[in-house]
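Subject: A structure to look at, with notes on its salt bridges

Dear colleague,

I am passing on a structure that I would like you to open and read alongside this message. Please take your time with it before you go on to the notes.

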Amino acid sequence: MKRLIALLLVMLAVVTAGCSKGDERAKGKSSAAKVVEGTMAPDFTARDMAGKEVKLSDLRGKVALVNFWATWCPPCREEIPSMVKLNQAMAGKPFQMLALSIDEGGKGAIEQFFAKSGQTLPAYLDGEQKVAGLYGTTGVPETFVVDKKGVIRKKIIGGMDWSAPEVIDYLNGLAGQ
């Protein structure tokens, strides 16, 4: 019985940790150091689905939720509805969601996924995983909460319910709302 419980706990840890694609970052070949809470967020530029660029440093004065995800990742797909609700709850506040897709299929894979799921996020492309490498991610989903001054306040590995009242309260607090 103890073996069964131990096995179930290991399986739960693997499932809740997130997805890994076995790329160079997951194999430890990233040249970037791991990004930790309390440090300045590495600056990056990413393109949205329409090709418009956003630079993280240009979002100073706003709380940024930098989420790395992929259409093929079950925990990523599970957390998307709560991310949509969070984005709606934070509308009109100094907040910006940056959902960086590491899908190699790029824009087409994301559009197809959104068409099938009926969900949509402010998605940005990171198919070459340059930003994910800069942040030293080990899988998806992995999320960084960046405060208005550009400091990483939270690093979350794995999926979560982004629409939970305590999460929205925390982000409102960071946003000064």
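What follows is a short account of the salt bridges found in it.

Please keep in mind that this is a predicted model. The count of salt bridges comes to 6, and I describe some of them here.

In one of them, Glu-111 is paired with Lys-107, and the closest N and O atoms of the two are 4.0 Å apart. Both residues belong to helix H3, which covers residues 106–117, and because they are 4 residues apart in that helix, about one helical turn separates them.

Another salt bridge joins Lys-130 to Glu-128, where the closest N and O atoms are 3.4 Å apart. Here Lys-130 is exposed, its relative accessible area being 60%, and Glu-128 also counts as exposed, at 63% relative accessibility.

A further salt bridge links Arg-153 with Asp-147, and in this pair the closest N and O atoms lie 2.8 Å apart. Is Asp-147 buried or exposed? With a relative accessible area of 9%, Asp-147 is buried, because buried means a value under 20%.

Note on methods:
Residues numbered from 1 in each chain as written. Predicted model: local features only at pLDDT ≥ 70, side-chain atom pairs only at ≥ 80, totals over all residues. Heavy atoms only, no water. Salt bridge = Lys/Arg side-chain N within 4 Å of Asp/Glu carboxyl O. Helix = DSSP H or I, 4+ residues; strand = E, 2+ residues; numbered from the N terminus. Buried < 20%, exposed > 50% of the residue type's maximum accessible area, 1.4 Å probe, protein only.
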